[in-house]
Amino acid sequence: MPVEPARAASQAQPEALPQTRTPPDDGPPAWVDEAIPDDAEGGYTAQSYTPDPDDDEFETLVTEAPEPAPAVMRAPVAASRRAPRARLVEMSANTWPELAARLPVTGLAAELARQSEWAGVQGDAVQLRVAVRTLAESESRVRLQTVLCEHFGQSLRLEIEVGATGDGTAHAVARAERAARQEAAEQAVAVDPFVQALINDFGGHVVPDSVRAVDPPAA
């Protein structure tokens with residue numbers, strides 16, 4: 001059955017129209033346009049203050065500089081005394097090997113010092129004995145003589161004679177010390193419990209000449 005136009009119009013819902021918002025006013029606030037009083041337009045003027053010297057309440061403060069601290073007197077530091085030099089007259093065949101081993105010489109001069117024996121002192125002449133003629137006749141004698149002059153702090157002459165030497169050289173003393181260290185090392189290995197266990201339980205043995213003594217660090 002067809003619907004009448006008038007009735008269909010009454011049943012139709014009216015469309016909602018979009019609401020238009022009034023944008024906020026970004027202008028200055030209303031109080032900006034208010035009139036400013038005449039007495040406030042000049043702003044604030046700071047008044048200067050001049051103290052009256054006759055005013056009893058006026059007081060001038062004077063800042064006094066602090067007194068300097070008294071100087072501390074320090075006693076002068078005494079100069080360190082130099083170690084006394086070795087005396088030539090105190091040298092002997094027993095003290096020469098130790099001195100010869102630490103003299104600041106190298107090369108043939110060092111070999112001459114270490115392979116020589118102390119033969120004595122005659123006046124300002126130091127007498128050494130060496131078994132190798134090549135060392136006695138080399139130019140290293142001059143270098144060794146210079147070092148000995150510096151060590152004893154006096155002039156001296158070095159005389160070298162060729163002859164048999166014994167245990168009084170630095171080389172002989174060092175060789176004896178190495179032999180003693182080697183013997184002590186071999187004995188320590190022989191009585192070591194771990195080494196003894198390897199020998200007894202497993203039939204092990206110490207290889208000859210396999211034990212080496214450790215040299216002491218250089219002074």
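Visitor: Why are arginine 102 and glutamate 98 separated by about one helical turn?

Guide: The two residues are four apart in helix α2, and therefore about one helical turn lies between arginine 102 and glutamate 98. Helices (H or I, at least four residues) and strands (E, at least two) are DSSP runs, numbered from the N terminus. Please note that this is a predicted model, in which local features need pLDDT of at least 70 and side-chain atom pairs count only at pLDDT 80 or more, while totals for chains, interfaces and linings use all residues. Residues are numbered from 1 along each chain as its sequence is written, and side-chain values use heavy atoms, leaving out hydrogens and water.

Visitor: How many salt bridges does the structure hold, and what joins arginine 102 and glutamate 98?

Guide: Side chains of opposite charge can pair when their charged atoms come close. A salt bridge is a side-chain nitrogen of Lys or Arg within 4 Å of a carboxyl oxygen of Asp or Glu. The structure holds seven. One of them joins arginine 102 to glutamate 98, at 2.7 Å from N to O. Glutamate 98 has a relative accessible area of 48% and is therefore partly exposed; buried means under 20%, exposed over 50%, and partly exposed in between (1.4 Å probe, protein chains only).

Visitor: How do strands β1, β2 and β3 pair?

Guide: Two strands pair if DSSP finds at least two bridges between them. Strand β1 (residues 116–122) and strand β2 (residues 125–130) run antiparallel, joined by six bridges. They form a hairpin with two residues between them, and glycine 123 in the turn has a positive phi of about 70 degrees. On its other pairing, β2 meets strand β3 (residues 157–162) in the parallel sense over six bridges. There valine 130 stands opposite valine 162 of β3.

Visitor: Which residues are linked with Arg129 in a network of salt bridges?

Guide: The network links Glu117, Arg129 and Glu161. Glutamate 117 is the bridge partner of arginine 129 in β2, and their side chains also form a salt bridge, with the closest N and O atoms 3.2 Å apart. Because arginine 129 lies in strand β2 and glutamate 117 in strand β1, this pair ties together parts that are 12 residues apart in sequence. Glutamate 161 forms a salt bridge with arginine 129 as well, the closest N and O atoms being 2.9 Å apart.

Visitor: How many aromatic pairs does a search of the whole structure find?

Guide: A pair of aromatic rings is described by the distance of the centres and the angle of the planes. Rings of Phe, Tyr and Trp (its six-membered ring) pair if their centres lie within 6.5 Å; planes under 30 degrees apart count as stacked, over 60 as edge-to-face and the rest as tilted. The search finds one pair. It is formed by tryptophan 96 and tryptophan 118, which are tilted, with 5.5 Å centre to centre and 45 degrees between the planes. Tryptophan 96 belongs to helix α2 (residues 96–102) and tryptophan 118 to strand β1, 22 residues apart. Both tryptophan 96 and tryptophan 118 are buried.
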